[in-house]
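Welcome! Please take a moment with the model below, and then let us walk through it together.

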Amino acid sequence: MSAIENGELEVTDTDGLIVAITGPPGVGKSCLVDGILHRLTPNNLVAVLAVDPTSPISGGALLGDRIRLSVLDDKTKADSIYVRSIATRSSSGSIPSIVRGLASHLLANNFDLVIIETVGAGQSEMRCAAIANRIIVVEGPARGDGIQAEKAGLLELADLIVVNKSDMEGAERVVNDLTVSLTLTDDAPPIIRTSATKGDGLDELSEMILHLDERVTSRRARARQQLLMAHENILILNPAFEAILDRMSEEGLVLEEALRLLNE
Amino acid sequence: MGERQRIVIAKPGLDGHDRGAKVVARALRDGGHEVIYTGLRRTPDQIIRTVLDEDARFVGLSSLSGAHSHLFPKVCELLREAGLGDVVVFGGGIIPESDRPPLFAAGVRAIFGPGTPSSEILEFVNFASERDCGVGSEDDWHWGE
């Protein structure tokens, strides 16, 4: 896996179910993944690629998504699960492009499902669409008023919307706001309520995740993200990229000149 | 700065204090490494599983409970059994001088006690990454000898 991550090994794409679980930080993505794993294993082989941010200063990362996965302590299930933490490294999105290769490799090795847990993502963070073929957006209570549900962005790409922490005050209002907003959409995704800590809704979510329909309207958006990611890759993989960053920060190299050097 | 390493920081055994482990994890992160933190009260088996899944080259064990003389060699032994002999093991916590020689003999390559500057741990990682001193190697070197 490290060989793929470091770009030393090329992987051909493999068809299969790749589900991204995305949403704002602290909304309960890791705990939901744990709940899903408890229900889908050992009957399915499930891989989790958990992405956490790389420090833009040091290039290091603290990868802590594993801590939430209590399912790994269950010996009857742990053998059906593979969990790999991934740092975003130089990529700008919530998923580095190498995740596509990692997911393909896992699918080619008999995994039934690859779950990508993204970095806690904001409203316009849609890069996961370039890699995953299904997207679950997790929302939670107390995340702003009804206007938030009307805004364009990530929610429009969701194949399923999960409102987590449904036991907490305000969750029902979020469900209502989202429902009202989505009634104006032609192929609205389903919305379900979960409470990862109490276990509510997790059976339903786990069942749905294996049979999610793809929204037709999001196809163009996926293609767009794939194109953007491929283009960004050319930039990041440019051997001069890091050296040019150094010159910009230390020697005052101007942007136009940096772009010219990159295009040489 | 040396090459970026993937490092598991683990808390084996029944020990609820992880301030030190978190400080070390943070220092390694700020040193440009990718650190996977396991959380508290892990068994040696769980730690080996994490190292395997995460392709880690280093594993740092933190113990303040006094059980290091049992747990650290156990982790070294299981790593070798799992075919992970290239993984470098280091330790930290409250570990008396007199307990250290047997740990080094078991394959632990460094012990960092309280007050160790984080720069020293980073130096160790950079140095050890250049040297064939995984837990399965014949090398009997340890840091600070």
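Look for K165(A) in the loop that runs between β7 (160-163) and α6 (171-182) of chain A. This is a predicted model, and in it K165(A) has a positive phi of about 60° although it is not a glycine. Is K165(A) buried or exposed? It counts as buried, because 24 C-beta neighbours lie inside 10 Å, and the cut-off for being buried is 20 or more.

N110(A) sits in the loop between α4 (98-108) and β5 (113-117) of chain A. Its phi is near 75°, again a positive value in a residue other than glycine. The surroundings of N110(A) are another matter: it has 8 C-beta neighbours inside 10 Å and therefore counts as exposed, since the limit for that class is 12 or fewer.

Between α2 (29-40) and β2 (46-52) of chain A you will find P42(A). The peptide bond leading from T41(A) to P42(A) is cis, with an omega near 5°.

Now step back and take in chain A as a whole. It is built with 10 helices and 8 strands, and its C-alpha trace spans about 55 × 45 × 35 Å along the principal axes. Why can its radius of gyration be said to agree with that of a compact globule? For 264 residues such a globule would have a value near 18 Å, and chain A has 19 Å, so the two agree. Of the 264 residues in chain A, 41% are buried. Contacts across the sequence tell their own story: among those between residues at least 6 apart, 76% join residues at least 24 apart.

Finally, turn to the place where the two chains touch. Chain B contributes 19 residues to the contact and chain A contributes 17 residues. On the side of chain B, the elements giving two or more residues are α1 (19-30), β2 (34-37) and α2 (44-54) of chain B. The most comes from α1(B), with 5 residues. Sorted by class, this side of chain B holds 5 nonpolar, 6 polar and 8 charged residues.

Strand β3 (residues 61-63) of chain A pairs with β2(B) in the parallel sense, over 3 bridges. To see one of these partners, find L63(A): its bridge partner in β2(B) is I36(B).

Terms used
Residues are numbered from 1 along each chain as its sequence is written. Chains are lettered from A and ligands numbered from 1 in the order in which they are written. This is a predicted model: local features need pLDDT of at least 70, side-chain atom pairs count only at pLDDT 80 or more; totals for chains, interfaces and linings use all residues. Two residues are in contact if their C-beta atoms, placed from the backbone, lie within 7 Å. Helices (H or I, at least four residues) and strands (E, at least two) are DSSP runs, numbered from the N terminus. Ala, Val, Leu, Ile, Met, Phe, Trp, Tyr, Cys and Pro count as nonpolar, Asp, Glu, Lys and Arg as charged, and the others, Gly among them, as polar. Two strands pair if DSSP finds at least two bridges between them. The radius of gyration is taken over C-alpha atoms; the globule rule is 2.2 Å times the number of residues to the power 0.38.
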